[in-house]
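Open the model in your viewer and keep the selection tool at hand. The stops below say what to pick next and what is there.

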Amino acid sequence: MTGGQNGATAATASNHDIPRLTALHGLMARIRAFERAAETGQSRGLVLGAVHLSIGQEAVAAGVCAQLRRDDLLLSTHRGHGHTLAKGADARAMMLELLGKAGGTSDGRGGSMHIADFSVGMLGANGVVSANIPIAVGAAQAIRLKGSDQVVACLFGDGAINRGPFMEGLNWAKVFNLPVLFVCEDNGWSATTRTSTLTAGEGAAARARSMDVTAIEIDGNDLVAVDEATREAVARLRAGEGPILIHARTYRLLGHTASDPAGYRPAGEAEERWSGDPMRRNRALLEAAGVPAAELDALEQAATDEMTAALDAAEAAPWAPAALALEDVQDAGAPARFWTREG
Amino acid sequence: MADITYLEAGRLALAEEMDRDPLVWALGEDLGRGGVFKQYDGLQARFGANRIVDTPISESTIMGAAVGAAMSGTRPVVEMRFSDFALCAVDELVNQAAKARYMFGGQTRVPLVVREPIGMWRSSAAQHSQSLEAWYAHIPGLVVTVPATPADNYALLKAAIRSDDPVVHMEHKNLWALSGPAAESDAPAEFGRGVVRRAGADITLVTWSATVWTALDAAAALGVEGINVEVIDLRTLWPWDRELVLESVSRTRRALVVHEAVQAGGFGAEIAATIAEELHHRLEGPVRRLGAPRAPVPYAPPMESELKITAGDVCKAVKVALGR
């Protein structure tokens, strides 16, 4: 495993699959760049509504999703851009969605909080904390009924473990022995309140173990740890061993939303946490293993260029048509038959 | 044609759809034992515990799992025992099932059915007796079905199971034992088609579910007095058969909407307002509503009866509407 908080030693780095970690570094860079572009888009009034950034949490998204097959299923949170990109969604279509433009992943009807790409098995971010946990166990039940070897990964934050669906969903997955990978992406905050002040007991892993669900606790800012824990967990899920919970401790480097300056945090806390930023740590590991800095610079620059172009293209794109507001509500009883602007 | 009970009609519809499509399955509490009212009797023995699934008492997860399973290509039928208990799963139904198709831009569909028995039933008191159909009719994305007869329970449940959109199927607990003609074919019903249960020329009475029978009793009594009441059974509340209602009221020129649910904010208000908007100049009197007072359902029989809409109440309301 990796060394200290600030990087890895060359000795441990040599044990790793460096080409894989380099590729995942590129994925983390793309997630970071996408969210920086979204942040820019919001500051320019292009990205509307609440935008929840996962800057600092990229190792969980990259490490978990890279172990999933394209046909495996993924359920995400309202902080879901990174998970969605890591599952393979098209960044340009996602950016169009964030701007409400034609060609967005959900035709402009979902926006940032409901980002989804069913073509890559990403069944949706969810605006309701904890709500995707029961949906994930149901997706696993469908997999069982269809006799497939797919697995379902369900990401949720540390705030989600204090809602009932977490306890219900874990119990359900265990009693039905379902192939669900629960990932508690613990960033320390329940919106703008520190989760530890709101949570009785030891948290996600302890609660999982109380229901005889295997729980693995890892440093969620350590890409290698996430990658390896997920590889083992997914293999066990596919072998039919029942649900597993990974409790990945990370840190939300920015506020709850892009417009939240997070002034409630103690002075210096975020600055200190930046030193454990997963991109910085992984970069140190790769450089120690001999990957040229220029190669990593190029990866990071390519990510920035890609996402800047995605934002520019989305800005130039036309709005999603207003008429779509009345489409895809329901077949029987659709709004057009029962509603006119004249009353 | 052999008669069938309302309960048996529902069970038959589910069994036939499970035979037809291996991706149809049911989940809920105590289904292996047949369900609270025996609607599922024998089905687990026939289809196995993987398709008639006994779940924990976890309404949120029963409904949420159905949403996930529906988005993943199966057709779950959710049993909620009582519409009251479904309130533990309102997020899953209202925020998730009803919204997924729309907020994901049509990338997914949610073909789930939730069976939510409604109505007052033998001193079951405030948490087992509610008729909450108006809540769901208010939510974009949901279909709401309220069958009054065995044939309609059969045909509407079939339609609900085959629907690609989520359906709230509300069976009335006092109708389980009702016996009547079976459906004329094994075809699913069409949502949004009401039916005239009794033709009349003096006033149109619009209703649904068990109150259809109350209304028909009232209409029979009024018929003896020479008042001809037309009784429309809506069968589905969303979509509802606007055309049938408006055509009828444009002939009778008077309308009364009757339902067991609380009158305030009830679906009767939607129907009454629509009639008033569309037919104002043809009406010979204001459209009237008759529903329960805005009180929880009590336990003691005399109090429970106080809240029930009876045929006598309907007769009185019709006479008021007719100015007699």
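**Stop 1: two helices of chain A**

Select helix 2 (residues 18-43) and helix 12 of chain A: they pack at an angle of about 35 degrees, with their axes 8 Å apart. Axes here are lines fitted to C-alpha atoms, for helices over the stretch in contact, and angles run from 0 to 180 degrees between N-to-C directions. Helices (H or I, at least four residues) and strands (E, at least two) are DSSP runs, numbered from the N terminus. The crossing of helix 2 and helix 12 of chain A is right-handed. A crossing is right-handed if the near helix is turned clockwise from the far one by less than a right angle, and left-handed if anticlockwise.

Now show side chains. From helix 2 of chain A, the contact residues include A:His25, A:Ala29, A:Ala33 and A:Phe34. From helix 12 of chain A, they include A:Leu299, A:Ala303 and A:Met307. Contact means heavy atoms within 4.5 Å. By class, this contact of helix 2 with helix 12 of chain A has nine nonpolar, six polar and four charged residues. Ala, Val, Leu, Ile, Met, Phe, Trp, Tyr, Cys and Pro count as nonpolar, Asp, Glu, Lys and Arg as charged, and the others, Gly among them, as polar.

This is a predicted model: local features need pLDDT of at least 70, side-chain atom pairs count only at pLDDT 80 or more, and totals for chains, interfaces and linings use all residues. Residues are numbered from 1 along each chain as its sequence is written, chains are lettered from A and ligands numbered from 1 in the order in which they are written, and side-chain values use heavy atoms, with hydrogens and water left out.

**Stop 2: the other partner of helix 12**

A:Met279, A:Arg283, A:Leu286 and A:Glu287 meet A:Ala293, A:Leu296, A:Asp297 and A:Glu300. The contact of helix 11 with helix 12 of chain A has four nonpolar, no polar and four charged residues.

**Stop 3: a salt bridge in chain A**

Select A:Arg109 and A:Asp328. They form a salt bridge, the closest N and O atoms being 3.1 Å apart. The rule asks for a side-chain nitrogen of Lys or Arg within 4 Å of a carboxyl oxygen of Asp or Glu. A:Arg109 lies in the loop between helix 5 (91-98) and helix 6 (132-146) of chain A and A:Asp328 in the loop between helix 12 and helix 13 (335-338) of chain A, so the pair ties together parts that are 219 residues apart in sequence. Over all chains, 47 salt bridges are found.

**Stop 4: where the chains meet**

Show both chains. The contact takes 48 residues from chain B and 44 residues from chain A. The rule finds four salt bridges across the interface of chain B and chain A. Zoom to B:Arg101 and A:Asp331, whose side chains meet in a salt bridge (3.0 Å, N to O).

**Stop 5: backbone details**

Go to B:Trp238 and B:Pro239. A cis peptide bond joins B:Trp238 and B:Pro239, with omega about -5 degrees. Finish at A:Ala191, where phi is near 55 degrees, a positive value in a residue other than glycine.
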